[in-house]
Amino acid sequence: MRREGRTTKGRSALRLVDVAERAGVSLATASRALSGSDGVSEVLAEHVREVATEMGYIANPHARTLAGGTTSVAGLLVYEIGDPYFSEIASGVVRVATEHGWSVQISHTEREPSAEVTQIRLMRAHRVGVILVAGSGYVEPAMEADAARELEAFQEAGGRVVVIGRHHLHSDAVLPDSEAAAASLTDHVLGLGHRRLAIAAGPERLTTVADRTAGIRSAVAAHGLDPDDLFVVHAPFTREGGRDATQRILAQRPDTTAILALNDAMATGVLSLLRERGVVVPRDMSVTGFDDIQVAQDLAPALTTVRLPMSEMGATAFELALRPPSGRPRRKRTDHELVVRDSTAPPRPGPLWAG
């Protein structure tokens, strides 16, 4: 009778021990069943969940945290949440997390390794159950060594870690097909007849920039050209970075006929600066991007780019996080798709544009 009386007081009066008693299991088993932890058969877990639903019990993640456990909260670390690349990845993470009863806490670092370490430590302090890190790694592994130690300690304590686009971290990873995608895009531009190419690249220290540049160089070499003739300008992975890179390209390589921007945000800056200078795209200059963010098709002209499955990458990362850990880190590689739109065309015959 006392058990029934407690139920009629409402959900706030119910405790996990009441659910365990009604389901005929231990408190620890009830906790694991409702949190989705390992060690409980699916049949038994479903029985406990049904009992909890019948009783109107709602788990209190904050209480679990105070007790020393983890919550059904995932921490997602990105470089810049305002960047559509990361926004689309986040949408995939949130979609799968919601399907499994998790919430997602998002932080960003502006590509600063020290900020990355700080955010990981805060996530650990908040006892998240999963940490996802999205964004390029660094060419020099020492730059992410502190973050690697924090993530390894988190995993050793039972947390799950999955990274997106990182090479050097010892954890499950979703790896975009950056090098092959860049080669496909370059093959398209070279196939149009362009030979004087320039690259509006992001920061030189990022592995994503190294991978995409390597793909361009390999395609150029495969066409019998000298990769060392490529003009590479490093600038921030932003619209303003694209404008800055384009200014330098026009000043130092005025005979360029195609600019390959290493992400779509930079490509918007390339198009903006060319428009200001009276350089008509694609008549006078072809321009390509990378990633295929949602606005790429709405630019004027619509942007030729390569599509990475960004939302799917986020979803796959969270699905990996829900799986039991393996003895060896798992690597999930994504595909890519060349998307040809209006910003590329054969080079203009005769005199080049007047810079």
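1. Strands are DSSP runs of E of at least two residues, helices are runs of H or I of at least four, and both are numbered from the N terminus. Two strands pair if DSSP finds at least two bridges between them. Axes are lines fitted to C-alpha atoms, for helices over the stretch in contact, and angles run from 0 to 180 degrees between N-to-C directions.

2. **Ground rules.** Residues are numbered from 1 along each chain as its sequence is written, and side-chain values use heavy atoms, without hydrogens and water. Local features need pLDDT of at least 70 and side-chain atom pairs count only at pLDDT 80 or more, while totals for chains, interfaces and linings use all residues.

3. Five of the five residues of strand 4 are buried. Buried means under 20% relative accessible area, exposed over 50%, and partly exposed in between (1.4 Å probe, protein chains only). Arg 160, Val 162 and Ile 164 point one way, Val 161 and Val 163 the other. In a regular strand the side chains alternate between the two faces of the sheet. Five bridges pair strand 3 and strand 4 in the parallel sense; Val 130 has Arg 160 as its bridge partner. The chain gets from strand 3 to strand 4 through helix 8 (residues 145-156), in a right-handed β-α-β crossover. Right-handed means that, with the strands pointing away from the viewer, the path from the first strand over the helix to the second runs clockwise. Strand 4 (residues 160-164) also runs parallel to strand 5 (residues 172-175), joined by three bridges. Here Ile 164 partners Val 174, and Val 162 stands opposite Asp 172.

4. Contact means heavy atoms within 4.5 Å.

5. **The four-strand sheet.** Another open sheet has the order 7-6-8-9, again with parallel pairing. Strand 6 (residues 197-201) and strand 8 (residues 258-261) share four bridges. Ala 198 stands opposite Ile 259. Helix 10 (residues 207-222) packs on strand 6, strand 7 and strand 8, at about 170° to strand 6.

6. **Aromatic pairs.** There are three. Rings of Phe, Tyr and Trp (its six-membered ring) pair if their centres lie within 6.5 Å; planes under 30 degrees apart are stacked, over 60 edge-to-face, and the rest tilted. Tyr 79 and Phe 86 have centres 5.8 Å apart and planes at 85°, so the pair is edge-to-face. Trp 102 and Phe 318 are also edge-to-face, at 5.7 Å and 80°. Trp 102 sits in the loop between helix 6 and strand 2, Phe 318 in helix 13 (residues 310-322), 216 residues apart.

7. **Confidence.** Mean pLDDT (the predictor's confidence in each residue, from 0 to 100) is 89, and 90% of residues reach 70 or more. Residues 1-12 stay under 50. Residues 62-68 are below 50 too. Where pLDDT is low, the predicted coordinates should not be read in detail.
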